[in-house]
Amino acid sequence: MSDLLRMEIFDCIAAVARPVHDFGDEFMSDEATAAIGLHAGFTPGRGFYCRGRFGVLGEAPAPVVQAVQGFLGPDLVATGWRAGRPVMPAKEATACYAEAVRTWGSAHIPADVDVEHFNRLAQRLIDAADADALPLFAGWRAQPVPADDPVGAAMQRIHVLREHRGACHLAAVRLCGLSAREAMVVNLGVEQATHYGWREPGPAAAALIPRWQRAEQLTDELQAPLYATLTARQRANFAQLVNALTSTQTS
């Protein structure tokens with residue numbers, strides 16, 4: 001791969017990584033999403049989130065779910081996973097969560113975005129991914145995407161791409177000698193790490209910051225093969241579509 005091509009690919013990755021992550025975060029933290037879980041029978045808290053998002057792993061024990069997702073504190077995951085278990089089987093919870101993903105997307109993706117073109121490019125990226133050692137991504141990639149709901153399908157593909165980067169980042173963090181807890185503190189600070197379920201996390205040591213920066217770089221490198229499957233024009237189009245899809249919201 002030429003240096004020019006590599007730079008172009010990494011420019012595209014840099015352009016889409018944050019919007020994809022943040023748009024997914026907005027869905028996950030929205031009261032409207034929580035309301036869907038309540039309507040489905042989940043109690044207030046993290047039950048719908050944990051059972052729905054991680055249900056692609058099947059009826060796994062809570063420590064296994066924790067090991068796969070990594071970045072949330074173990075008590076948060078265990079409490080949410082166990083709270084959601086009596087409500088519905090993992091497979092049904094995932095289907096309910098996927099429906100919530102699509103419903104939220106239909107309410108927030110601007111009407112003038114070419115979602116059909118986005119879906120074609122996003123699916124090409126998703127299909128190109130090597131899912132080895134990325135079970136959460138693999139589980140979400142395997143979920144059916146309705147052909148008659150292109151806007152909802154676009155949001156579901158955003159979610160799948162978000163899971164790909166998250167799984168790659170967890171692998172990169174560990175390879176760089178960081179724990180998930182340390183990475184959360186370096187990236188978000190003590191207060192936010194506490195919000196995401198880590199008990200009394202201490203401040204990040206200065207020596208850990210270069211490791212986290214290297215992990216970010218490795219995450220980009222792990223995603224590069226996906227974006228290499230697109231032409232330069234397709235990468236530019238994809239970055240523009242992601243920006244349009246995530247930057248303006250309707251209510």
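Keep in mind that the model is predicted.

Let us begin with the aromatic rings. The structure holds nine aromatic pairs. One of them joins Phe23 and Trp104, whose ring centres are 5.0 Å apart and whose planes meet at 70 degrees, so this pair is edge-to-face. Phe23 belongs to helix H1 and Trp104 to helix H6 (residues 90-108), so the pair ties together parts that lie 81 residues apart in sequence. Both partners are hidden: Phe23 is buried, with a relative accessible area of 1%, and Trp104 is buried at 4%.

A second pair has another geometry. Phe118 and Phe238 are stacked, with 5.5 Å from centre to centre and 10 degrees between the planes. This pair also links distant parts of the chain, since Phe118 sits in helix H7 (residues 115-128) and Phe238 in helix H13 (residues 232-247), 120 residues apart. Phe118 is buried at 0% relative accessibility, and Phe238 is buried at 1%.

Ring pairs can also join into a group. Here they link Phe23, Phe27, Phe42, Phe48, Tyr97, Trp104 and Trp140 into a cluster. Phe48 leads us on to helix H3, where it is one of the buried residues. Eight of the eight residues of helix H3 (residues 47-54) are buried, so this helix is largely enclosed by the rest of the structure. Arg51 is among those buried residues, and its charged end sits over the ring of Trp81, 4.7 Å from the ring centre.

Now look at helix H9 (residues 150-175), where you will find another arginine, Arg165. Arg165 is buried, with a relative accessible area of 15%. Leaving aside residues up to four places away in sequence, Arg165 touches Ile13, Ala17, Glu216, Thr219, Asp220 and Gln223. For a contrast, turn to Asp11 in helix H1 (residues 3-29). Asp11 is partly exposed, with a relative accessible area of 48%. The C-alpha atoms of Asp11 and Gly45 are 38 Å apart, although 34 residues separate the two along the chain.

Finally, what about the cysteines? A disulfide is a covalent bond between the sulfur atoms of two cysteines. A search of the whole structure finds zero disulfides. The sulfur of Cys12 has its closest cysteine sulfur in Cys168, 15 Å away, which is too far for a bond. Cys176 is in no disulfide either, as its nearest cysteine sulfur, that of Cys168, is 13 Å away. Cys12 is buried at 5% relative accessibility, and Cys176 is buried at 15%.

Notes:
Residues numbered from 1 in each chain as written. Predicted model: local features only at pLDDT ≥ 70, side-chain atom pairs only at ≥ 80, totals over all residues. Heavy atoms only, no water. Disulfide = S-S within 2.5 Å. Buried < 20%, exposed > 50% of the residue type's maximum accessible area, 1.4 Å probe, protein only. Helix = DSSP H or I, 4+ residues; strand = E, 2+ residues; numbered from the N terminus. Contact = heavy atoms within 4.5 Å. Phe/Tyr/Trp six-rings, centres within 6.5 Å; stacked < 30°, edge-to-face > 60°. Lys NZ or Arg CZ within 6 Å of the ring centre and 35° of its normal.
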